[in-house]
Amino acid sequence: MYIYIGIGVSLILLYTLVIKPLISLLLIKIKFGKQAKIIFYPIVGDIMEIEGSFKKYNDHYESLRRYFTENKDLKFILLNVFKTPLILIGDPEINKMIHQDHENYKKIDFLNNNSRLMGQGLLYQSGQKWKSQRKLLGKPFDYDKLKARIPMMNQVVKQKLKNTYNNPLDLTRSIAGEVVIQTFFGQEAQNAQLNNREAQAEIVELFNDVAEAIYGSVYGFLKWMILGEKQWKLFPNKLERDINRRIDELTQFARKVIDNRITSIKQEGFKKNQDDFDFLDIHLQEFLGSKNESGITKDEIISQFITLFFAGTDTTSSVAAMCLFYLAQNPDVYDALIKELENVVGDGDGDVLDQHLPKLQELNSFIWEVLRVRNPASGPLVRVAKQDLVLKDLHIKKGWILMPANFVQQQTDKYFENFKEFDHKRFLKAQAIKEDNGYVNIPFSAGPRNCIGQHMALMEIKIILCHILRTFKVITVPDKIKDLKWRAKFLYFYEPLDCIQLVKK
Ligand code: HEM
């Protein structure tokens with residue numbers, strides 16, 4: 001009797017976990033032939049491929065890139081996450097459909113903390129809430145409005161450059177975090193402290209620890225899979241308790257700044273003119289206004305701050321540090337950029353002004369080339385279909401996971417001449433991309449849910465690089481660079497972090 005039950009349960013598990021997802025993928029493979037490749041690891045899924053690539057090439061994404069360069073017809077890689085099909089898409093036409101039609105997809109909160117951290121912010125909102133938040137933030141993120149923040153960015157970079165850091169990423173993180181904090185809360189949050197350290201270092205560390213609590217052990221991962229957000233409440237271990245305490249401290253800090261500002265506005269009104277509003281003023285104008293059409297709440301404002309910090313700090317600082325990495329590898333590019341800088345901005349320690357930025361064309365092209373060869377935000381673009389969908393002739397079932405993989409599109413000769421070459425002047429050419437539908441080279445994503453902070457990021461990276469290059473040389477550290485690896489955690493980045501170094505000129 002028990003034997004029959006055992007066989008029955010095993011057959012059901014075999015069908016659900018292995019046969020069903022495999023058949024779904026096989027049907028796509030049969031339909032698309034050479035345009036699709038199956039990589040199916042029962043239950044464990046895509047992680048095996050990505051970790052295998054890391055073992056073989058010291059790079060989590062290299063094997064995926066190679067499949068596309070070796071087979072020019074390839075459009076889809078058919079993988080699985082546990083029992084769910086995951087389709088990695090390297091076809092700009094289909095990726096365009098996914099990006100434009102964003103309401104049909106759900107984003108995945110990799111930090112499993114939607115209700116306490118970013119759930120009410122722009123990154124994870126949808127529907128009418130997303131629309132009204134995007135409208136509210138659209139104006140201050142406009143290039144012309146952002147110009148007013150350039151003096152603050154210069155001042156933050158100069159101040160941070162006086163300190164010493166373990167590695168270039170620690171420096172650029174400290175800068176990018178402070179810039180987001182001051183952009184949101186203004187000068188009154190300058191040099192804020194949390195958990196007895198620099199606020200931005202603490203918030204970045206908090207995100208890292210949350211990721212560690214979920215992905216760092218089988219216990220954490222299973223807890224996430226089974227309990228979802230209840231992970232943090234039910235039988236929290238030491239790390240989870242510590243995280244709970246620090247999330248409370250972070251939200252209390254934000255609430256206190258918000259409450260103080262509300263009190264001051266109620267007593268004296270807005271003391272600045274609209275052009276000088278920080279993001280908190282912009283949100284409070286809506287919150288305290290007689291209409292509050294968007295129905296914005298205090299919790300939403302806190303969530304928006306955490307969202308912008310999360311979306312704007314590690315991304316910007318990683319790209320700035322990767323630029324330094326490529327300058328250390330390419331001294332001729334360093335020399336060329338210094339020359340442009342001296343011509344445009346001068347060789348002293350004067351501020352980078354808004355009229356300088358459009359003239360730094362070689363620097364701009366260089367940053368875009370770094371974003372092409374090492375797109376940092378590849379992983380976060382994963383989407384879950386909310387319903388059955390047809391993308392050209394690709395049929396998707398509700399619940400399947402899609403990954404528009406522009407990091408593979410950026411690395412094929414179908415779209416880029418000499419794609420393997422690091423050519424810092426590539427984006428100065430009239431037609432840098434061979435066939436472009438606007439969805440080939442999109443490190444900031446594209447369509448309605450593209451990166452709202454992209455102008456701010458580029459502006460900031462240029463200012464950071466200008467000040468660093470005028471003061472420091474960038475060198476590789478031979479003992480460390482021999483162990484170079486490219487790891488995809490939330491972002492894709494090099495390690496060891498100290499494989500490059502800044503040396504005062
Ligand atoms: C080089 C730096 C940056 C890169 C590479 C980058 C990349 C991206 C990407 C790929 C997305 C789409 C994510 C998705 O759809 O899942 C995105 C969205 C977003 N980014 Fe950025 N980002 C950068 C800097 C910033 C900055 C500085 C801010 C703000 C301070 C910011 C705020 C946002 C927000 C709020 C969204 C969500 C927009 C929406 O869904 O409507 N990002 N970013």
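Modeller: Happy to. Helix α13 has 32 residues and runs 47 Å from its first C-alpha to its last, close to the 46 Å expected at 1.5 Å a residue. Please keep in mind that this is a predicted model. The helix is mostly covered, with 29 of its 32 residues buried.

Let us start with the core. The largest nonpolar core has 80 residues, and α13, spanning residues 298–329, gives the most to it, with 18 residues. In soluble globular proteins, nonpolar side chains tend to be buried together. The residues with the most contacts inside this core are Cys-323, Leu-324, Ile-461 and Leu-465.

Now to the ligand. There are 25 residues around the ligand, and those that come nearest are Ala-311, Gly-312, Thr-315, Cys-451 and Gly-453. Two elements give two or more residues to this shell, namely α13 and α17 (454–471). Helix α13 gives the most here, with seven residues. By residue type, the shell divides into 16 nonpolar, six polar and three charged.

The UniProt annotation "binding site", from an unreviewed entry, covers Cys-451. This residue lies in the loop between α16 (406–409) and α17. Is Cys-451 buried, exposed or partly exposed? Cys-451 counts as partly exposed because it has 19 C-beta neighbours inside 10 Å, and 20 or more would be needed for buried. Not counting residues up to four places away in sequence, Cys-451 touches Phe-444 and Ser-445.

That brings us to Ser-445, which is found in the loop between α16 and α17. Its phi is near 60 degrees, a positive value in a residue other than glycine. Ser-445 is partly exposed, because 19 other C-beta atoms lie within 10 Å.

Phe-82 is another place to check the backbone. Phi of Phe-82 is near 55 degrees, again a positive value in a residue other than glycine. Phe-82 is found in the loop between β2 (76–81) and β3 (84–89), and with 14 other C-beta atoms within 10 Å, Phe-82 is partly exposed.

One peptide bond is worth a glance too. A cis peptide bond joins Glu-495 and Pro-496, with omega about 5 degrees. Pro-496 has its place in the loop between β13 (492–495) and β14 (500–504).

Last, have a look at Lys-392, in the loop between β8 (389–391) and β9 (394–396). Lys-392 counts as exposed because it has 10 C-beta neighbours inside 10 Å. Leaving aside neighbours within four places in sequence, Lys-392 is in contact with Glu-93 and Ile-94. The C-alpha atoms of Lys-392 and Leu-337, which are 55 residues apart along the chain, are separated by 44 Å.

Methods
Residues are numbered from 1 along each chain as its sequence is written. This is a predicted model: local features need pLDDT of at least 70, side-chain atom pairs count only at pLDDT 80 or more; totals for chains, interfaces and linings use all residues. A nonpolar core is a set of buried Ala, Val, Leu, Ile, Met, Phe, Trp, Tyr and Cys residues joined through C-beta atoms within 7 Å. A residue is buried if 20 or more other C-beta atoms lie within 10 Å of its own, exposed if 12 or fewer, and partly exposed in between; C-beta atoms are placed from the backbone. Helices (H or I, at least four residues) and strands (E, at least two) are DSSP runs, numbered from the N terminus. A residue is near a molecule or strand if its C-beta atom, placed from the backbone, lies within 6 Å of it. Ala, Val, Leu, Ile, Met, Phe, Trp, Tyr, Cys and Pro count as nonpolar, Asp, Glu, Lys and Arg as charged, and the others, Gly among them, as polar. UniProt positions are given in the numbering used here, feature names are shortened, and annotations may be inferred rather than shown by experiment. Two residues are in contact if their C-beta atoms, placed from the backbone, lie within 7 Å. The expected span of a helix is 1.5 Å times one less than its number of residues.
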